[in-house]
Amino acid sequence: MHVLGKNQTVWGVLVSWRLLHPIGRTFLCRLTRSAQHPDHAALLSLVPIYLVTNASQLPKDFLVPSPRRQLVIGFDCEGVDLCRDGSLCIMQLAFPDSIYLVDAIQGGEKLMKACKPALESSYITKVIHDCKRDSEALYFQFGIKLHNVVDSQIAYSLIEDQQGRRRSPDDYISFVGLLADPRYCGISYLEKKEVRILLKQDPKFWTHRPLTELMVRAAADDVRFLPYIYYKMMEELNDYSLWKLAVRGALYCRCFCVNDNEYADWPSLPNIPENLMVNGKVPEDEILSVLEIPQGKMGCVIGKKGASILSIKQSCKAEILIGGAKGPSDKVFIIGPVNEVRKAEAILRGRI
């Protein structure tokens with residue numbers, strides 16, 4: 001298994017691969033250029049895709065995390081209503097030299113439990129776009145506490161903030177939008193729309209077996225570019241943003257995994273690095289607050305067409321999240337600097 005050095009270009013090794021897909025077909029990703037990326041040829045290079053139903057099919061370096069063999073992998077999950085009450089069907093892992101589609105349906109709990117040490121390890125960086133629901137599904141369905149993630153959605157927002165670009169509180173970059181950005185990939189992900197249409201027509205799309213060519217291609221394309229994007233983003237983030245990225249990633253992972261023990265069984269949050277403590281000034285800690293909303297009062301929080309919650313978001317430098325249709329339906333989650341979180345709590349309590 002190839003392991004990347006800290007500054008190695010991840011896609012530099014992906015120029016001429018033999019496709020070793022076990023079901024014997026070459027799956028070409030239906031991606032088109034929106035703007036030429038300097039590494040465009042490497043970006044479109046294919047790697048072997050493996051369907052995994054047994055832990056023995058996964059790399060040892062993944063199954064047995066080690067400080068001597070630290071990894072950076074692309075990560076995502078697919079399923080039916082992916083959340084605590086849904087069904088996680090496939091877990092995708094993108095390594096520099098291969099992509100593994102872990103079949104949680106055929107491999108079952110035994111296979112997923114074998115992946116638990118890696119998913120909870122600080123020696124394996126999991127690069128994912130919007131980790132909240134994936135983490136929730138892993139926690140409630142398999143008892144896995146997703147740890148050491150780099151959430152590209154969070155990283156994108158931090159880079160925008162660094163560069164002084166203003167954005168609205170609900171302006172989160174989609175994965176399709178991220179791929180289209182010429183700073184990272186400059187690729188139009190046309191197939192994503194096709195899959196979304198199919199999911200609306202058949203919500204159990206990801207439960208069907210055997211996997212179709214489209215399912216394999218779509219699952220692989222959701223992770224194949226994430227390691228490359230990770231290294232591009234790491235070049236842009238300053239030390240303060242890197243700390244915020246680590247903390248917010250950890251808070252996003254536990255966000256919807258609320259239970260009675262107030263996250264006591266989760267790993268501790270990253271400490272503030274010493275190089276950020278200048279002249280006795282220390283960055284404000286970031287926290288997650290879970291606010292219980294009385295029955296029938298969520299409408300007061302959200303307001304007509306979301307106007308109320310949007311105004312609260314505009315008043316505070318904190319992320320305010322609600323469970324929506326997937327739940328939890330009686331809670332509001334607030335993530336950000338301590339004082340901004342407390343401010344948001346006070347305003348929300350005033351509305352209920």
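Okay, some ground rules. Residues are numbered from 1 along each chain as its sequence is written, and side-chain values use heavy atoms, with hydrogens and water left out. Since we're on a predicted model, local features need pLDDT of at least 70 and side-chain atom pairs count only at pLDDT 80 or more, while totals for chains, interfaces and linings use all residues.

So, confidence. pLDDT is the predictor's confidence in each residue, from 0 to 100. The protein has a mean of 87, and 87% of its residues reach 70 or more.

On to the rings. How many aromatic pairs does a search of the whole structure find? It finds 11. For the cut-offs, rings of Phe, Tyr and Trp (its six-membered ring) pair if their centres lie within 6.5 Å; planes under 30 degrees apart are stacked, over 60 edge-to-face, and the rest tilted.

Take Phe62 and Phe95: their ring centres are 6.0 Å apart and the planes sit at 80 degrees, so we call this pair edge-to-face. Phe62 is in helix α2 (residues 60-63) and Phe95 in strand β4 (residues 87-95), so to speak distant parts of the chain, 33 residues apart. Helices (H or I, at least four residues) and strands (E, at least two) are DSSP runs, numbered from the N terminus. Buried means under 20%, exposed over 50%, and partly exposed in between, using a 1.4 Å probe and protein chains only. Ring pairs also link Phe62 and Phe95 with Tyr50 and Tyr100 in a cluster.

Next, Tyr139 and Trp266. That pair is tilted, with 5.3 Å centre to centre and 40 degrees between the planes. Tyr139 comes from helix α4 (residues 132-142), while Trp266 sits in the loop between α10 (239-255) and β9 (286-292), 127 residues apart. Tyr139 is buried at 12%, and Trp266 is buried at 8%.

One more ring: Arg133 lies over the face of Phe256, 4.0 Å from the ring centre. The rule there is NZ of Lys or CZ of Arg within 6 Å of the ring centre and within 35 degrees of the ring normal.

Last topic, salt bridges. The structure holds 22, each a side-chain nitrogen of Lys or Arg within 4 Å of a carboxyl oxygen of Asp or Glu. Arg69 bridges to Asp61, with the closest N and O atoms 3.2 Å apart; Arg69 is partly exposed at 33%, whereas Asp61 is buried at 17%. Glu120 and Lys116 come to 2.8 Å, with Glu120 partly exposed at 23% and Lys116 partly exposed at 22%.

Then there's Lys244 with Glu286, at 3.5 Å, N to O. Why does this pair tie together parts 42 residues apart in sequence? Because Lys244 lies in helix α10 and Glu286 in strand β9. Both residues are buried. And to finish, Glu160, Arg165, Asp181 and Arg183 are linked in a salt-bridge network.
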